Amino acid sequence: MSSQHWDVLIVGAGPAGMAAAAAASQGGHRVAVLDENPAAGGQIWRRGWNDDEHKPDAARQAQTGKFVASGATLFHGRRVVAALAQGVLETWNDAENVGERFAYDKLILATGARERFLPFPGWTLPGVFGAGGLQALVRNGYDVRGKRVAVAGTGPLLMAIAAHLQEDGAKVLSICEQAPLSQLVSFATALLKRPGKILQGLSLRSSLRGVAYRTGSWPVAAYGAGQLEKVEFTDGKRRWEVDCDLLACGFHLVPNIELPALLGCALEDGCVRVDALQRTSVEHVFCAGEPTGVAGVDAALLQGEAAGLMAIGLTAQAQKLSARVASERGFGAAMEKAFRLRTEVLQMAAKDTIVCRCEDVCYGDLKALADGQNTWTDAKLQKRCGMGPCQGRVCGPAVEALFGWKNASVRPPIFPLPISALSSEPQLRTDSNSAALQEIQ
Amino acid sequence: MECARAGLRVGVVEPRVPGGAASAAGMGHVVVMDDSPAQLALSRYGRELWQKMRAALPDSVEYEQRGTLWVAADGEEMQEVYAKQATYTSIGVSSQVLDEKALAQAEPELRKGLAGGLLVPEDAVVYPPAAARYFLDEAIALGAKLIRGVRPVEAAKGIVRLQDGSALSAGSIVIATGVDTSLVPWITVQPRKGHLVITDRYPGFVHHQLVELGYLKSAHKLTADSVAFNVQPRQTGQLLIGSSRQYGDAEHDVDNKILKQMIDRACEYMPRIRDLSAIRVWTGFRAATPNKLPLIGPTPDPTVFLAMGFEGLGITNSPAAARLLADHLLQRESAIDRDPFLPAHVFRGESAHA
């Protein structure tokens, strides 16, 4: 069976993947980019129904322009589900219900990051969303006009998301950041070396004028009869309630390492291990952006460019980026430190708080296993934690934070897919560039 | 558990995860299997002990008396249905012949035109890792010690040496290491690789453990790779779809070619399986012995006993094997003839091969 063959195949059309595509397309190399979303941009530059109403983002426009001009082919709506043969990725095209294969000489993994959820009583109530999750919904047309929204969790994105929600017509009541002010101050000091990032922060702050930003505070519980009505917060000393329609709550980001792990890339501290030139432990496979360590969009752009150059053998040019890549990594490390989880947020869950939503596994079930000997595998085997359709994507990072159990294995398919895709007649389509849509801008 | 219940002081050495190897990979089908008189006796005994334990099993073990439905595709396989029923009847295992119509009623998702089947109503389905953990917890409650996270490197003459340099002494050592024969390298146990697919939840899609009768033709060959239609309903509403058998592949990776054959076979019997959502595919290894029977009992070293080589029937036979083994250790009479499972046959067999 034939498959489409590409000089460079890139998984993920966020900032890292777009930068990689632009770099790798030089000199006429055939480059394809796979992304599960309907358009390029990744989580951070997700295009929305009302994008025109938003202020243009210069970095996004510049990068998108380069990507479009590069001639790389974007295959959107494709989920990579397996890597069953050397040098080939198997994908699933949900919209057309067909399996496809993409063969490559070099592979660049730019799979991004996802939000970390931490369980607290009521977090599964309708009306409670991930912070980034709610933003994505709004971009897809979910109407928040007039809705009272509380924002909570941790990480630099909380403020950005709050600002966007506000621009989309929501009434943001407050932002509760679990990190204490002292930690954030030292992070801000580090930022002084990076005026661009300060400006971004200032512009956010101005659109959030009047919204309380409470550091050192976190949710105790969300309440409501079938639908969120209020959230109780604490700063460790006192408690207060906020009546609201929606809670947007996320605890920073965790790298998407499922595909790299499936391909056998070595991991280190939960991230894909790369050298200074974005090479993973697997030959011909590079990794760029958040999977190598959450460090934000600037790091992703630089790493993506470096990976793209490496993939077409322009090592010297990639080396020129190394110092800046390392500097952005330092920023990521400072950010991780500033927003590290305090012990209290690891103790928010009650015995009957659900941790694994797919399999309804409660905190108490897992706590009972936490005897110092048990592992993620025991939790899976004995309690089904992480065994549902999401394969531990949601609960895995929470369980790791709560109990220190690391997800030990990734099994195909990475995403659920119809059984027919595994059969010998998977309606494979191998013909088409016609399937690729260039509709980026 | 059997030894602890018999009042013995028990230590269990587990280098990784209890119930984490073949038990975690297998289907958990409790089935009376009639491919040899010895296997028939052991699996019937195993199923009987499961039935006796049933009331005591925690919910997590998910014991469900689903019954096995052996599916006959054509007239030839229908002849096997009758032969199989005669065998079961001879040892008091009840079964029921289904014709084409009755089969379609019992399992509406099977394709039309299948000849019929044999329903063995008392066969069951369990969740093996939880069962293994239950046996272990029962033993621990009776004073057994779990020594976890360290690999045994040698077991002989009443001493088990662990990788960390420590040693345990015991009057009797039971080796129950599945396909891992590193402690008993003179034993021939071949890993026989299998694939399984689990789906999302579709309650009521399948009611019985379904196995094609062609399975008997394919599953018990000693050499060639084979696939068979084998679908199991889980308590969660999920379906486990199997099965494949391969020798000579010791890699955990999914084998694309045999996976496709396995899925094709399943879709042949149950066309709408194509449209269900698969959430995971994995592989595991059955511990296959040359004579297709497990090894249960003493070895030339009077302190070393074996309980391994169960191939696809580990979960069915585990309570029976444990009972037979405790009978050996305590010099008790056994409920069934334990001679066919004696490791001594293998030692004799080995000299014959030489």
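**Close-up views of the A–B interface and of selected strands**

**View 1. Polar contacts between chain A and chain B.** Between chain A and chain B, 14 residue pairs are in polar contact, both residues being at pLDDT 80 or more. A polar contact is a pair of N or O atoms within 3.5 Å; within protein, one must be able to donate a hydrogen and the other to accept it, and residues adjacent in sequence count only if both atoms are side-chain atoms. The model is predicted: local features need pLDDT of at least 70 and side-chain atom pairs pLDDT 80 or more, whereas totals for chains, interfaces and linings use all residues. Residues are numbered from 1 along each chain as its sequence is written, chains are lettered from A and ligands numbered from 1 in the order in which they are written, and side-chain values use heavy atoms, without hydrogens and water.

**View 2. The salt bridge of A:Asp378 with B:Arg148.** The closest N and O atoms of A:Asp378 and B:Arg148 are 2.6 Å apart. The count between the two chains is 3 salt bridges (a side-chain nitrogen of Lys or Arg within 4 Å of a carboxyl oxygen of Asp or Glu).

**View 3. The contact area between the chains.** In contact (heavy atoms within 4.5 Å) are 32 residues of chain A and 36 residues of chain B. The buried area is about 2800 Å², and carbon and sulfur atoms give 51% of it; this is the accessible area (1.4 Å probe) that two parts lose on being put together, summed over both. On the side of chain A, A:Leu381, A:Arg384 and A:Ile419 lose the most area to chain B, together 24% of what that side buries.

View 4. Strand 22 of chain A and strand 16 (residues 277-288) of chain B run antiparallel, joined by 2 bridges. Strands are DSSP runs (E, at least two residues), numbered from the N terminus, and two strands pair if DSSP finds at least two bridges between them. A:Leu417 has B:Ala278 as its bridge partner.

**View 5. Strands 8, 9 and 10 of chain B.** Strand 8 (residues 152-156) pairs with strand 9 of chain B in the antiparallel sense over 4 bridges. In their hairpin, which has 2 residues between the strands, B:Lys157 takes a positive phi near 50°. Strand 9 and strand 10 (residues 167-169) of chain B also run antiparallel, joined by 3 bridges; B:Gly165, in the hairpin with 4 residues between these strands, takes a positive phi near 95°.
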